[in-house]
Amino acid sequence: MIAAVIGAGVAIWAIPNLPPQLSGWLPTAPAPVDEAAIQAKLDDQSKQIGQLSEEIATLKSSQPPAPDLSGVQGALDQVNADIRANKSALEDLKSQIASLQTDTGGSAAQAEIEAAAKAAEARIKEAEAQAQNLKSQSEAAAKAAMTQAAAARVKAALDAGTSLDAPLADLRDAGVEIPAALNGDIPSLQSLQSSFPDSARAALQAARRTETGGSISDRVGAFLLAQTGARSVAPKEGNSADAVLSRAQADVDRGALSEALDEIAKLPDPAQEAMSDWVNQAKARVAALDAANQLGATQ
């Protein structure tokens, strides 16, 4: 124990007083960690991540803005003001005519006054008709602008797979009858793309079960392929169910649902029946897109 105490004391004294050539043999203490700098960097990264998340959410939910109808509304207000002013001027003129008729007794003067009054009344009616026509045109332009903007928002919502409630409500407010194809649940393109492979495998399996022609080896091969569900994913030429579905897969991947439906129509009946659910959903989306495009084009 005494020797250990003496050795420890010697070590405590000797280590600080070692020559430079020996001090390098000893391990150096780790540099102090700047916790404040690390925390600041983490906070900055967290802030950047939060900003990016907000930007992504904004982009996903963004839709075309509603049309600016302030100019149209200003024109309508001016038309209404002109109509009121014309009516007020007509009433004043009638009052003046009545007063002149009371003050003057001559029939010639009265005839001239009545002629002038009729001419003034005709001009006022013409101005009112022009104002009413302008008002009707402004209202029609406003309705067309609202309809086109709402139709654009419908198409944007269909592309993004979001709710159609808001743009359809705008169409109703504009007095537009909503096409039946835009009512109900409309599948998104992404959902149709993700569900196509399973539906295609089921269709291909049904088609291969009906392929009884060819040699025994061909029939055995078709049976094994039907059991495994293997299919071509790259488009290829041919009339076989596998070739048809490979081309339909390529059409679906690029969003060409109408072309994909045309390919699927070439399949044998058992295969088409196996894909009937997917086909009905794809047709609903195609019909909705056609209705939205027609809606914006006819207004």
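D170 is partly exposed, at a relative accessible area of 25%; buried means under 20%, exposed over 50%, and partly exposed in between (1.4 Å probe, protein chains only). This is a predicted model: local features need pLDDT of at least 70, side-chain atom pairs count only at pLDDT 80 or more, and totals for chains, interfaces and linings use all residues. Residues are numbered from 1 along each chain as its sequence is written, and side-chain values use heavy atoms, with hydrogens and water left out.

D170 pairs with R153 in a salt bridge (2.3 Å, N to O). The term covers a side-chain nitrogen of Lys or Arg within 4 Å of a carboxyl oxygen of Asp or Glu. The pair links distant parts of the chain, from D170 in helix α6 to R153 in helix α5 (residues 107-160), 17 residues apart. Helices here are DSSP runs (H or I, at least four residues), numbered from the N terminus. R153 counts as buried, at 15% relative accessibility.

Now α6 itself, residues 165-173. Its buried residues are P167, L168 and L171. They cover an arc of only 100° around the axis, so they sit on the same side of α6; the arc is taken from the directions from the helix axis to the C-beta atoms. The face turned away from that buried side carries the exposed D165 and D173. Just after α6, G175 takes a positive phi of about 80°.

Elsewhere, R247, E263 and K266 are linked in a network of salt bridges. K266 and E263 have their closest N and O atoms 3.5 Å apart. K266 is exposed at 53% relative accessibility, while E263 is buried at 12%.

Note on methods. Helices (H or I, at least four residues) and strands (E, at least two) are DSSP runs, numbered from the N terminus.
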